[in-house]
Amino acid sequence: MSVAMSTISAIRTPVLVNTPGRARVHIARVRPAISKASVFGTTRPLLSAQRPALRPRATSFEVKAESLIEAPAATYTKFVAAGTAKGQADFVTILVKGIVAGIQIGFGIFLATFVGGHCFEIAKLNPGLAKIITGAFGLPFGLLMVVLSGSDLFTGNTAVVTAALHEKKVTPMELVKSWSVSYLGNFIGSVAMAYAVFYAGCYSGPLMSPVGLTVAKTSLTFTQAFIRGILCNYLVCTAIWQATAANDLAGKMVGIWFPIAAFIALGLEHSVANMWALPMGMLLGAPVTWAKIWTANLIPVTLGNIVGGAVFIGTMYSFFYGSFGKKAAE
């Protein structure tokens with residue numbers, strides 16, 4: 001008795017590539033013809049195999065590959081685009097966005113001082129841990145609001161608009177406009193936030209951490225405040241760079257959290273955060289005046305922030321990935 005052999009048709013899987021990173025796959029399956037052996041040694045195909053060939057069913061799907069983080073060169077392109085938009089914005093837009101950023105940073109430093117600043121027992125037993133807690137809760141949340149809302153933060157603008165200037169996307173006057181107007185807006189928003197917290201009565205009794213903070217910050221020498229401003233804004237603009245590189249919310253949160261928590265824990269100086277903290281301390285009874293707030297802290301810290309953002313981030317990254325490096329090579 002002869003035994004019939006089954007015939008299996010080949011399965012073809014054509015792949016059509018439309019765009020880079022996307023593939024459309026069509027899979028066609030054809031039912032094979034099946035033979036049956038008879039008792040007389042002959043074979044005949046089954047009834048199902050004698051039916052007309054069925055139309056192949058095609059399955060279509062897309063495979064999309066996306067990175068969660070941009071390469072440094074691509075990040076620089078986005079960095080410049082952000083700086084271009086900020087530099088070319090009109091006066092009113094920058095001012096309003098600056099006020100919003102001042103309020104957001106005010107919320108951040110409010111949370112930092114209210115939580116970490118009142119960990120008295122932890123500070124006695126482990127001062128380092130108390131500083132980490134102060135850094136972890138507050139300003140990372142404030143900067144995340146700034147980045148996600150697109151508001152104008154002076155310290156960040158020192159880096160992104162400088163990068164746009166090196167790429168000839170904005171003029172020097174547009175850079176000055178962006179810096180000065182965003183600084184004014186940040187000051188208005190931060191001070192307004194300080195008065196709101198004061199009249200809300202949030203600080204009372206032993207919860208008066210901004211008082212000691214204000215005294216300490218206005219007791220720095222000009223050189224100390226200036227250098228702390230440089231170091232601070234290097235970390236702040238690094239946080240903005242990392243948030244720009246990330247393509248998802250989780251990546252932006254992580255990119256912001258570490259540098260911002262670090263600068264708070266290290267006791268560095270951020271001009272916009274101080275625009276809330278120092279008036280807040282003065283309202284609560286710290287022995288300082290507006291003149292001392294400006295001369296002993298805000299002026300040297302602001303100058304340091306400009307150097308940290310414009311020179312060490314905006315200009316350096318243009319040297320790495322942009323026109324400034326090409327000019328130097330020539």
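## Close-up views of a predicted model

View 1. Y234, V311, F312, M316, F319, F320, Y321 and F324 come together in a nonpolar surface patch of about 720 Å². Keep in mind, here and in the views that follow, that this is a predicted model. The element that gives the most to the nonpolar patch is helix α13, spanning residues 290-321, with 6 residues.

**View 2. The largest pocket and its lining.** The largest pocket holds about 610 Å³ of space. Its lining is made by 29 residues, and those nearest the centre of the pocket are K131, T134, L213, I264 and G267. Two or more lining residues come from each of these elements: α3 (91-115), α4 (120-125), α5 (127-136), α9 (209-217), α11 (249-265) and α12 (271-283). What kinds of residue line the largest pocket? The lining divides into 17 nonpolar, 8 polar and 4 charged residues.

**View 3. A salt bridge between K86 and D152.** The structure holds 3 salt bridges, and this view shows the one in which the side chains of K86 and D152 meet, at 2.8 Å from N to O. The pair links distant parts of the chain, 66 residues apart. K86 belongs to helix α2 (residues 72-88), while D152 lies in the loop between α6 (139-149) and α7 (154-166). Are the two partners buried or exposed? K86 has a relative accessible area of 17%, and since buried means under 20%, K86 is buried. D152 also counts as buried, at 2% relative accessibility.

**View 4. A salt bridge between E269 and K217.** In this view E269 forms a salt bridge with K217, and their closest N and O atoms are 3.1 Å apart. E269 lies in the loop between α11 and α12, whereas K217 is in helix α9, so the pair ties together parts that are 52 residues apart in sequence. E269 is a buried residue, at 3% relative accessibility.

View 5. Rolling a probe the size of a water molecule over the atoms shows where empty space is left. How many cavities of 30 Å³ or more does a search of the whole structure find? The search finds 1. The volume of the largest cavity is about 40 Å³. Around the largest cavity you will find I105, L139, L143, V236, I260, F263 and H270 as its lining. At least two of the lining residues come from α6, and at least two from α11. By type, the lining of the largest cavity has 6 nonpolar residues, 1 polar residue and no charged ones.

Methods: Residues numbered from 1 in each chain as written. Predicted model: local features only at pLDDT ≥ 70, side-chain atom pairs only at ≥ 80, totals over all residues. Heavy atoms only, no water. Patch = residues over 30% accessible without salt bridge, like charges linked within 9 Å, V, L, I, M, F, W, Y side chains within 5 Å. Areas by Shrake-Rupley, 256 points an atom, 1.4 Å probe, with all protein chains shown as cover. Salt bridge = Lys/Arg side-chain N within 4 Å of Asp/Glu carboxyl O. Helix = DSSP H or I, 4+ residues; strand = E, 2+ residues; numbered from the N terminus. 1 Å grid on protein atoms, 1.4 Å probe; cavity = no way out; pocket = protein on both sides within 12 Å on 5 of 7 lines; lining within 4 Å. Points joined across faces, edges and corners; volume = space filled by probe spheres on them. Nonpolar A, V, L, I, M, F, W, Y, C, P; charged D, E, K, R; others polar. Buried < 20%, exposed > 50% of the residue type's maximum accessible area, 1.4 Å probe, protein only.
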